[in-house]
Amino acid sequence: ILEKVFTSITKSPDGKRLEGLSKQLDWDVRKIQRWFRQRRNQDKPTTLTKFCESMWRFTFYLSIFFYGLRFLWTAPWFWDTRQCWYNYPFQPLTSRLYYYYILELAFYWSLMFSQFTDIKRKDFLIMFVHHLATIGLITFSYMNNMVRVGTLVLCLHDASDFLLEAAKLANYAKYQRLCDAFFMLFGVVFIVTRLGIYPFWILNTTLFESWELIGPYPSWWLFNGLLVTLQVLHVIWSYLIVRTAYKALVRGKVSKDDRSDVESSSEEEDVTSNSTKGVLSTSSNGSNRSNGHVASGQWTEEE
């Protein structure tokens, strides 16, 4: 009877349903609550599963970041953003630029689909919006041949993501100091790139330099609207990262990843069981889910 309720109705029954089940089974309410808690724990993925998922993301983010950085290092628009708009839209699409775009687009589509099969986390909606905006930007910029500024946006975002995955890998492997160091480094790089370089370098060229050099083209509003949407998400995540870093300084260790490593399905057990442990304890998915992407008392049990 309890299994049927768990699989068909709810995994966390409210007080009224608990009382009904108690009368039906002649069980104490606390015994039924314990059964549901243990049953939820059975559905949690193993640490090995989470480690493998984070390792996949870490490998991709690290590889694509250095590929993009190496490619852009010799590109003129990397050093002068006004080059993104010279002779637009008649700019050549090289094979290296094409493969860079296609790889990034394929990866973000995979993240979009995997969100619905992975364990649902607290930042599910934020990450869903993020993936939609990212896929929309990559597709839209490719169709309109805005690939030069698009490569700058992609490389900038990849700069911090592999550090978050590295922190999760260290956490799953129980190297706590290494985990904390990677997370702090991730926080610094994230804030510098997303709140510093992105608005003053990327948004500056898409909002002002493009207007000055090629004028208000028809798709200008949509393109910049998507970029500004990403900036709003950056501000939200930066707040969560700073809050986590503050807790770490107060407690002497990193607590959880509010941005993307918190599972909504297991929050109840995590808060109690992890309050005695101190750090990034883990439990689910291992992705940013975000990507991404530390929550209420430890790294826990995905942004």
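A residue counts as buried when its relative accessible area is under 20%. In this predicted model, Ser238 has a relative accessible area of 3%, so Ser238 falls on the buried side of that cut-off. Ser238 sits in helix H10, which runs over residues 220–251. Setting aside the neighbours within four places in sequence, the contacts of Ser238 are with Phe190, Ile191 and Leu195.

Next comes a pair of helices. Two packed helices are described by the angle between their axes and the distance between the axes. For helix H2 (residues 15–25) and helix H3 (residues 29–42), the axes come within 9 Å and cross at roughly 110°. Angles of 65 to 115 degrees count as roughly perpendicular, which means that H2 is roughly perpendicular to H3. On the H2 side, the contact is made by Leu18, Leu21 and Ser22. H3, for its part, brings in Val29, Ile32, Gln33 and Phe36. Sorted by class, the contact of H2 with H3 holds five nonpolar and two polar residues, with no charged residues.

Technical notes
Residues numbered from 1 in each chain as written. Predicted model: local features only at pLDDT ≥ 70, side-chain atom pairs only at ≥ 80, totals over all residues. Heavy atoms only, no water. Axes fitted to C-alpha atoms, helices over the stretch in contact; angles between N-to-C directions. Helix = DSSP H or I, 4+ residues; strand = E, 2+ residues; numbered from the N terminus. Parallel < 35°, antiparallel > 145°, perpendicular 65-115°, else oblique. Contact = heavy atoms within 4.5 Å. Nonpolar A, V, L, I, M, F, W, Y, C, P; charged D, E, K, R; others polar. Buried < 20%, exposed > 50% of the residue type's maximum accessible area, 1.4 Å probe, protein only.
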